[in-house]
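Where do the side chains go, and what do they leave open?

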Amino acid sequence: MNKLDEEFEMLMDEIKFDYEALAGGSTVTMDDKAIPNSQVAVSLAKNASRLSEVLYLLEEMED
C-alpha cells in the first residue's frame, strides 16, 4: 500500500469517527477534555477537503 492509499484509509476513518460523533450526539474528548462539536465539524470538513485531493491524485495515477 502506498502513502496515498494509507492517507486515504486514515482520512476515511477520521471522517467516519467525526461524523458518527456529531450525528449520534456524542461528546468527543481529548486528554479528558470535551471537544466542542463546532471543532469536530471543522476537523471533519478539513479531512473531507484533503480526501478530495487524495482521491484526485489517486485517479490521476490510474490514468
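What follows takes the helices, then the loop between the strands, then the pocket.

This is a predicted model, where local features need pLDDT of at least 70, side-chain atom pairs count only at pLDDT 80 or more, and totals for chains, interfaces and linings use all residues. Residues are numbered from 1 along each chain as its sequence is written, and side-chain values use heavy atoms, with hydrogens and water left out.

Start with α1. Helices (H or I, at least four residues) and strands (E, at least two) are DSSP runs, numbered from the N terminus. Helix α1 covers residues 3-23, 21 residues in total. From first C-alpha to last it reaches 30 Å, close to the expected 30 Å at 1.5 Å a residue. That expected span is 1.5 Å times one less than the number of residues. N2 caps the N-terminal end of α1, with a side-chain oxygen 2.9 Å from the backbone nitrogen of L4. Just after α1, G25 takes a positive phi of about 75°.

Now look at the sides of α1. Buried means under 20% relative accessible area, exposed over 50%, and partly exposed in between (1.4 Å probe, protein chains only). L4, L11, I15, D18 and A21 are buried in α1. Seen down the axis of α1, these buried residues fall within an arc of 130°, so they line one face of the helix. The arc is taken from the directions from the helix axis to the C-beta atoms. An α-helix has 3.6 residues a turn, so residues three or four places apart point the same way. On the other side of α1, D13, K16 and A23 are exposed. The buried residues of α1 pack against β1 (28-30) and α2 (37-62). Contact here means heavy atoms within 4.5 Å.

Turn to α2. Its 26 residues should span 38 Å at 1.5 Å a residue, and its end C-alpha atoms are 37 Å apart, which agrees. V40, L44, N47, L51, V54 and L58 are buried in α2. The buried residues of α2 pack against α1, β1 and β2.

Take N47 in helix α2. Is N47 buried or exposed? N47 is buried, with a relative accessible area of 11%. Leaving aside neighbours within four places in sequence, N47 is in contact with L11, E14, I15 and D18. A48 also lies in helix α2. A48 is partly exposed, at 35% relative accessible area.

Next comes the loop between β1 and β2 (33-35), where D31 is found. D31 has a positive phi of about 55° although it is not a glycine. D32 sits in the loop between β1 and β2 too, with a positive phi near 65°. Most residues other than glycine have a negative phi. D31 counts as exposed because its relative accessibility is 70%. D32 counts as exposed at 81%.

Finish with the open space. A pocket is an open set of points on a 1 Å grid over the protein atoms alone, where a 1.4 Å probe fits, with protein on both sides within 12 Å along at least five of seven lines; lining residues have an atom within 4 Å of a point. The largest pocket has a volume of about 160 Å³, the space filled by probe spheres set on the points. F17, D18, V28, M30, I35, Q39, V40 and S43 line the largest pocket. The elements that give two or more residues to this lining are α1, β1 and α2. The largest share, three residues, comes from α2.

Terms used
Polar contact = N/O pair within 3.5 Å; in protein donor to acceptor, adjacent residues only side chain to side chain.
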